[in-house]
Structures are given as structure tokens and as C-alpha cells.
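Trainee: Could we go through this model together before I set anything up?
Mentor: Gladly; bring it up and ask as you go.

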Amino acid sequence: MATPLSALSKLISSGIVTIESTYAKHGADFPSIDEPFRPGPLDGDEALSETVDIVIAAAAQLIALIKPAPRTMIESACLFHVPATLLVVENAHVAETLREAGPQGLHIKDIGERCGVDPQKVGRILRYLATNHIFSEIAPDVFANNRISSVLDTGKSVAVIKADPIAKHDNTSGLPALVSHCTDEMMKAVVHLADNVLDPNITSSQEITQSVFSRAFNQGPPFEFFEKPGNEFRLRRFGAGMHGMSMAFSTGALLTGFDWKSLPQDALVVDVGGGVGSSSLQLLKHYPQLRFVIQEKPKVVEDGKKFWEHADPEALKSGRVELKVHDFFEPQPIKDAAVFFLRFITHDWPDKYAKQILKHLRASALPSTKLIFNDFLVPYAGPTKGQFSDISGSEMPRAPYPLMPNLGTVSNQSVMADMQMMVSFNALERTIGQFISLVEGTGWRLKSIGRSSGSSVCLMVFETVAI
Ligand SMILES: C[S@@+](CC[C@H](N)C(=O)[O-])C[C@H]1O[C@@H](n2cnc3c(N)ncnc32)[C@H](O)[C@@H]1O
């Protein structure tokens, strides 16, 4: 058998051959790191994205193997400089300033002057980021955007941003807003992680008021914090960031992870905590025979009505889609649902609270009612040895030797989301084992998992069991 090092090197070289030949077949070059990021014609190619993931996993594992362990450990311990420096350049609009300067870049004296930052300090910050592939130092002390730093660019002119700073992230991709939120509130919160997790009085707490975020900002949950006077910019930025996240993370297996066509004509899908109803809208477009009730808080129901009046007014008029105020911690009024659908709901709640939601749904379910979650499924970092084989779709596609079963850093999306949930709400993204224990005692049983390649957002389908 090949050594791990040579097996990794083969995975990388054969993957690169596939990637380059696929681009060549489409008459395209693989995008240069020096060009701004743009969605590409091959982004939706599932086979190609699987190959890209293998190369990413192999390259990251190769670095972990080959780099001396003390270097890896010390560099990991100092990774906090990445978000800290990103926050500086995002707040100082450096990506927009460099875009306006063009491909010849800008000397640190000019960057400093235009961005209101000490030239030496901003130069050192940019060199640190450029060394980590974010921005390029194209001549001594001269920096330009590259593909990665261009993601920080809102696309607005610096003059427009400065004229109305609170609106910086309105009507943008939301990705700069997400970076700014993560490197500001989340970064300031996460430094308190050890204090919380190692505090014997609250280490096992499932209370949102005892989350790391609450400790850091000495107050209630994030949403209360955002609504406090003085946090108007943070609130708007957070809204834009959440929009960016929903654009960046596909809803994965929403349309394909369950046989929606198997439901009878006019079957009712209840979108519990459905927001304005964006999942229902996607489902309705593909499965127009279904009916939808979107249940939400009063303010969101109002926003939802406006959303549907724009997106599909006919669906509202005909009654195929209804928006109703309902608190999911109260008994469920709908007794004839074919599906109770929950997207990104249980991840906001620790088991103690999520179980209450599920019990209310079970009490109103028919024997045939399905409970469906559209959520991250956190893959184990090691092998599962077939203990979940009775659940259809539970096994991940087999990773080639010697890659980790979850492809290591390729799974960052879901493990990072899990950490965000822990820090913000004392809540969690769940592994298959955690989903199974979540539904224990609630009258539901995990039946199948629907996956789509390139996303760890899955569909978990549950059926009723006797209570
Ligand atoms: C993470 S968002 C997900 C929204 C939607 N499912 C989606 O994926 O777009 C969580 C939603 O739960 C709603 N929510 C929170 N507490 C609720 C409650 N007690 N009853 C009903 N909805 C609630 C919020 O208003 C918010 O829209």
C-alpha cells in the first residue's frame, strides 16, 4: 500500500488533471488568484465539486502530515490574528479602496491616507493577510486585491459608503457583512469560550442566557443585544450577513432529499418557524400540488405577507400558501399535516427546548405525518462502523485512502456552524447520533437522510412512533 504521503500526493495530482481538463473541455481557464472572485460557469458541476473537495482535503491533510507538529500548534494558537486583521481592513474599506485603485495596487502611504490608518500598521496587517493568501503584495509596500480579498468588497464606492456608513451592507452580497459580524461580535464573544465551558456551575447549561455571547456582552441573547440603542449598525449588518449566508450555503438536499412527489394532491406542509417562507417558496415552485402554512412570530408574518405579495401573490390569493402567527412552544393547532417542516430551527435550541417543540408537533401528528428537518448534519471526524446502517442515507460516501471520513477541513462549514451555535445560543448543529437522541422520548424516529453533494445541509426525515 502507498504511504500516506504518496497517496495524498497522487490524489492531488490526479484531481488537478481532472479539474484542468474539465475547464479545458469548457474552453475556460481555472480562475487566477489575481482576478476578483466571480461565480463561474462550472460552479454547479457536482462531479467537479467532488473532485475539488478531494483535492482540498488531500492538500490540507498533506500539510498537517508534513509540517512539524510544534509549528502547526503554535500557528494554530495564533490564528486569532486572521479575524482580528480582517476586521481592521473590512472596517477601513480597504477592499473597496484597492478596487478603486485598480490592478496596479496602492502604496501603503496612500492606503493609510485614504483609509485613515497608520501606513506602517496597515502595511503590516496587509502583509500578514497576503502571506495567508488574502490580498497580494505586488511590489514592496504596494498591495492589490486578489480573488480572496475581493470577497470583502461590497461593490460600493468608498464615497458612497462614507456618505452613509450605517447602510454599508444594504443591498450587497452580504458576505462582507458576514465577515464583519464574525470578526466583531463573534470574535469578541469567543474569547470567553474557555471561561464558560470550564466553569463547573454552567458547563452543562442549556440556557441561552448563560451562553458565551451573553457572558461576553454581559446581557441576554444576541437578538436582544442587536436591538439595544447604539447597535443599529450591528443589527443592519447582521441582517445583511444572514442574507449572505443563505446565499452562500445552498439548502442542500431540500428538493431531492425526500420524495415530495409521493405526497397526495393538496397535501399540507407546515413550515414551522418558516421565516418569510423562502423554503416553502422553493418547494412550491417545484411541487405546485402541495399546500403550505408558514407559522411564525407576528412581526415575521407581516414581513412574510409582503414577501409573498411580491414573490407569488396568486399563491396567497388562492389560499395555497397561508401565513399564520404561532409560537412553536405552544400546542400545535394544525392536526392534518402531511409534513411538519423545520429549516434551521432545532439548531437554535438545545435539546431541553427543541424536545418541547417536537412533542407539540407529535401531539398534533397523524400516524402518517412526517417530520422533516433541513439542517446541517455534522459528520463525525472518524469512522462510524455501520452503527447507523438501519437509517437510509446515513453513510457518507467513502473517502479515498488516506483521507478522513469527513474529508477534514471540507467539513468546516458544519463544524464551524456548530461552534457558532454553541457560542451564541448554547445550542448546536447535530451529528446523526445527536439527532437520534434529540428525538428520543418525543414520539419521532429518524427514518432517512437525504444528502446532496457539495453541501452538509441535509434533509432528515422522521416518522411517528407510539408515545
Ligand atoms: C434561523 S431562523 C430560520 C427561518 C426559516 N426556517 C428559514 O430557514 O429561512 C429561525 C426562525 O425561528 C423563528 N422563531 C423563533 N422563535 C419562535 C417561536 N417561539 N415560535 C415561532 N417561530 C419562532 C424566528 O422568527 C426565525 O424566523
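Trainee: Which residue in β3 is the bridge partner of Ala139?
Mentor: The partner is Val142, though bear in mind that this is a predicted model, where local features need pLDDT of at least 70, side-chain atom pairs count only at pLDDT 80 or more, and totals for chains, interfaces and linings use all residues. Residues are numbered from 1 along each chain as its sequence is written.

Trainee: And how many bridges do β2 and β3 pair over?
Mentor: Strand β3 (residues 142–144) pairs with β2 over 3 bridges, in the antiparallel sense; strands here are DSSP E runs of at least two residues, numbered from the N terminus, and two of them pair if DSSP finds at least two bridges between them.

Trainee: In what order do the strands of that open sheet come?
Mentor: The order is β1-β3-β2, with antiparallel pairing, and the edge strands β1 (106–107) and β2 (136–139) each pair on one side only.

Trainee: New topic: which residues have the most contacts inside the largest nonpolar core?
Mentor: Phe340, Ile372 and Met460 do, in a core of 62 residues; such a core is a set of buried Ala, Val, Leu, Ile, Met, Phe, Trp, Tyr and Cys residues joined through C-beta atoms within 7 Å, where buried requires 20 or more other C-beta atoms within 10 Å of the residue's own, with C-beta atoms placed from the backbone.

Trainee: What gives the largest share of this core?
Mentor: Strand β10 (residues 455–464) does, with 6 residues. Domain 3 (165–248) and domain 4 (260–464) both contribute residues, so this core lies between them; the domain bounds come from an automatic or database domain assignment.

Methods. Helices (H or I, at least four residues) and strands (E, at least two) are DSSP runs, numbered from the N terminus. A residue is buried if 20 or more other C-beta atoms lie within 10 Å of its own, exposed if 12 or fewer, and partly exposed in between; C-beta atoms are placed from the backbone.
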